[in-house]
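This briefing covers one protein model and the ligand placed with it. The topics are the contact between its parts and the surroundings of the ligand.

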Amino acid sequence: MPTTFKSRNAPPKASAMVEALRGLGYNTQTALADIIDNSISAGASEVRVEFVWAETESRIICLDNGIGMSAAGLDIAMRLGERNPLEERSKSDLGRFGLGLKTASFSQCRRLTVSTVGNDGMQSLRWDLDYLANSPDGGWHLLEGSHPGSEKLLEPLSDAGKGTLVLWEDLDRIITPGSTVQDFLNLADKVEQHLGMVFHRYLEGSRPRLRIFLNGQPIKPWDPFLTDHPGKPYNPPAFKHPSIQGIEAECHVLPHKDMLSPDDFERMGGPEGWTAQQGFYVYRNERLLLAGSWLGLGTGRSWTKDEAHRLARIRIDIPNSADADWKIDIRKSTARPP
Ligand SMILES: Nc1ncnc2c1ncn2[C@@H]1O[C@H](COP(=O)(O)OP(=O)(O)O)[C@@H](O)[C@H]1O
Ligand SMILES: [Mg+2]
């Protein structure tokens with residue numbers, strides 16, 4: 001028998017808790033990548049992301065063709081703190097904390113609707129931060145169906161007949177006073193670049209496992225290692241960890257500028273440019289967590305990114321069973337070597 005202490009139930013106030021969770025430090029790119037992780041875990045082969053500009057009514061939609069959820073599954077998926085992060089996950093599961101769908105979405109919007117077609121036909125639930133803020137009881141009011149007037153936005157899912165649609169409305173962190181359609185499209189470009197990088201191993205090949213479309217255009221993979229490029233000094237072997245399965249490293253030296261076309265040189269610099277993109281590329285279940293970092297290594301003075309090493313890029317693969325050792329964070333954008 002565990003000792004029992006005198007206690008009181010102390011649940012957080014929903015509106016305050018949710019507002020606090022908005023500040024976890026996602027940006028639109030990392031938030032959408034977290035939404036797409038769920039699509040991949042659900043076996044989707046196609047994800048369609050739409051940026052729809054309509055001034056303050058602008059919205060972002062993510063539709064996948066995965067297995068969808070049952071009515072009970074959707075109810076659990078929408079709750080915060082429902083799945084224990086300590087629970088063992090299937091090898092292909094990209095999730096961990098049971099929070100991403102909610103925290104990533106709340107970081108960008110005030111109204112999240114998730115609609116899914118699984119075993120129970122079409123089901124929709126939504127969180128509305130204004131509704132929570134205006135509920136004096138501080139309760140966790142999970143709303144049913146879509147926001148009045150937004151029913152039409154779920155039609156792409158009912159037409160597809162299978163999968164899950166995540167709808168972000170009231171994009172208060174994206175559409176701020178003075179935002180223009182051009183700002184919105186520039187953001188869509190950044191998202192395209194980020195997703196092409198994070199999921200490049202899923203998007204590669206003549207018959208890719210996954211296709212992601214952004215406003216109807218297929219997203220191209222960005223391979224940090226320029227695999228098989230004739231200008232590469234050598235193609236490195238993969239080193240496997242002697243005892244732990246699924247841990248692998250591969251040390252690449254990219255071709256010198258003289259060996260690349262001007263276009264390739266520009267593109268291969270990556271989102272942050274050549275010097276910033278050097279270092280380790282850490283993948284968890286083939287999904288990129290960190291794009292170019294020396295991971296705080298080095299005794300005394302930690303290694304810095306310098307010109308001399310700008311062609312060095314090292315691939316590291318870790319399995320999701322190593323999450324605790326590598327201190328994967330909720331946003332899946334940091335990792336620390338054990
Ligand atoms: N697109 C989707 N298709 C099917 N199931 C989903 C989808 N998105 C979320 N889910 C379900 O919701 C759960 C919670 O998602 P999330 O909050 O991102 O946490 P995590 O991915 O860490 O489990 C997932 O474990 C999954 O069961
Ligand atoms: Mg997730």
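**Domain interface and ligand site**

Five salt bridges cross the interface of domain 1 and domain 2, a salt bridge being a side-chain nitrogen of Lys or Arg within 4 Å of a carboxyl oxygen of Asp or Glu. The model is predicted, so local features need pLDDT of at least 70 and side-chain atom pairs count only at pLDDT 80 or more, while totals for chains, interfaces and linings use all residues. Residues are numbered from 1 along each chain as its sequence is written, chains are lettered from A and ligands numbered from 1 in the order in which they are written, and side-chain values use heavy atoms, with hydrogens and water left out.

Domains
- Domain 1 spans 14-218 and domain 2 spans 239-326; the bounds come from an automatic or database domain assignment.
- Their C-alpha centres are 28 Å apart.
- Domain 1 gives 19 residues to the contact and domain 2 gives 13 residues, with contact meaning heavy atoms within 4.5 Å.

Interface
- The two domains bury about 1,300 Å² between them, 41% of it on carbon and sulfur atoms; buried area is the accessible area (1.4 Å probe) that two parts lose on being put together, summed over both.
- M197, V198 and R201 supply 41% of the area that domain 1 buries against domain 2, more than any other three residues.
- R201 also forms a salt bridge with E286, where the closest N and O atoms are 3.6 Å apart.

Ligand 1
- Around ligand 1 there are 17 residues, of which N38, D64, R83, G98 and K102 come nearest; a residue counts if one of its heavy atoms lies within 4 Å.
- D64 places a polar side-chain atom 2.8 Å from a nitrogen atom of ligand 1.
- A polar backbone atom of L99 is 3.4 Å from an oxygen atom of ligand 1.
- For G100, a backbone N or O atom lies 3.3 Å from an oxygen atom of ligand 1.

Methods
A polar contact is a pair of N or O atoms within 3.5 Å; within protein, one must be able to donate a hydrogen and the other to accept it, and residues adjacent in sequence count only if both atoms are side-chain atoms.
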